[in-house]
Amino acid sequence: MLLWLCCAGAWAEPAAEPLRVVTDYWPPFRMEGRDGRIEGLDIDLLEELQRRTGVHFEVRRQPWARALEDMRRGQADLMTGLARTAEREQYIDYLQPAYHACAPRLYGSPQRAASIRDYAQLAGLRIGYVLQSAYFEPFDSDSALTKIGVKNEEQLLQMQLRGRIEVLIGTDCQVDFQLRDPQLAGQLVKLAYQPPQQTLLFIGLSRASPRLAERERLSAALQALLREGWLERAAQRYR
């Protein structure tokens with residue numbers, strides 16, 4: 001599935017090849033629109049960056065883990081909604097500053113959620129997560145936990161509802177948005193235990209991309225959007 005953000009840029013000079021953006025659905029940042037194209041806060045952000053810089057984007061949907069691998073190999077140029085980790089920094093150049101913040105949260109049935117009040121009580125539970133996602137420490141590196149990896153958040157929710165996992169982990173801005181669905185509302189709630197960490201979201205360029213020269217232009221435009229409050233106003237549409 002391709003989404004072209006190819007409206008006229010702010011510059012009159014001929015447009016270069018679009019930057020290759022890879023991602024997966026992650027409501028409300030990236031989700032399927034009525035016409036089958038990807039829409040959401042991240043797409044709004046890319047459109048505004050394009051308008052201000054003249055840099056064009058080609059967005060391709062694929063599993064999150066594969067998208068990261070394409071970034072590592074230089075087969076993709078850019079990703080949005082990236083949490084920052086030491087491993088990823090080896091092959092991703094993060095644009096500063098972060099453009100949004102969420103909080104890592106664990107979810108379960110109302111009956112189970114109220115009883116889990118600290119991290120130690122996660123031991124022995126089947127915990128669903130999205131492969132190659134970064135949540136918080138010590139969870140990410142805890143090999144003693146029973147963690148079941150899946151390709152995307154939609155699969156994670158379905159596994160939870162079918163009883164294949166007992167708890168799932170995600171971020172509040174994503175899972176809470178999906179729990180607005182009447183079919184999901186009330187079936188999943190946050191655990192009483194809440195990690196204190198935040199998950200900052202970044203735009204990242206592949207260090208193997210031939211388009212690293214675009215970095216400063218994109219970074220300057222992103223900083224201007226944050227100063228102007230553009231991103232906060234854009235995010236209000238999805239709350």
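How many bridges join strand β9 to β12, and do they run parallel or antiparallel? I opened the predicted model with that in mind, and here is what I noted.

**Entry 1: β12 and its neighbours**

I found four bridges between β9 (residues 104–108) and β12, and the two strands run antiparallel. To have a landmark for this pairing, I picked leucine 106, which stands opposite isoleucine 169 in β12.

I then looked up strand β10 (residues 126–130). It pairs with β12 over two bridges, this time in the parallel sense. My landmark here is glycine 128, whose bridge partner in β12 is leucine 168.

**Entry 2: how covered is β12?**

I went on to the accessibility of β12 itself, residues 167–171. The strand is mostly covered, with five of its five residues buried. I also wanted to see the two faces separately. In a regular strand, side chains alternate between the two faces of the sheet.

**Entry 3: the disulfide**

Next I searched for disulfides, and the count came to one. It joins cysteine 102 to cysteine 173, with an S to S distance of 1.7 Å. The pair links distant parts of the chain: cysteine 102 sits in strand β8 (residues 100–102) and cysteine 173 in helix α6 (residues 172–178), 71 residues apart.

Is this disulfide right-handed or left-handed? The torsion about its S-S bond is about 95°, so I wrote it down as right-handed.

I checked both ends for burial too. Cysteine 102 has 3% relative accessibility and so counts as buried. Cysteine 173 is at 18%; the cut-off for buried is under 20%, so cysteine 173 counts as buried as well.

**Entry 4: serine 209**

I asked which backbone atom lies 3.0 Å from a polar atom of the serine 209 side chain. The backbone nitrogen of arginine 211 does.

**Entry 5: the record**

Last, I looked at the annotation. UniProt, in an unreviewed entry, places the feature "domain: Solute-binding protein family 3/N-terminal" at residues 18–239. Over residues 18–239 I noted 31% helix and 25% strand. The end C-alpha atoms of that stretch are 30 Å apart.

Note on methods
Residues are numbered from 1 along each chain as its sequence is written. This is a predicted model: local features need pLDDT of at least 70, side-chain atom pairs count only at pLDDT 80 or more; totals for chains, interfaces and linings use all residues. Side-chain values use heavy atoms; hydrogens and water are left out. Buried means under 20% relative accessible area, exposed over 50%, partly exposed in between (1.4 Å probe, protein chains only). Two strands pair if DSSP finds at least two bridges between them. A disulfide is a pair of cysteine sulfur atoms within 2.5 Å. A polar contact is a pair of N or O atoms within 3.5 Å; within protein, one must be able to donate a hydrogen and the other to accept it, and residues adjacent in sequence count only if both atoms are side-chain atoms. UniProt positions are given in the numbering used here, feature names are shortened, and annotations may be inferred rather than shown by experiment.
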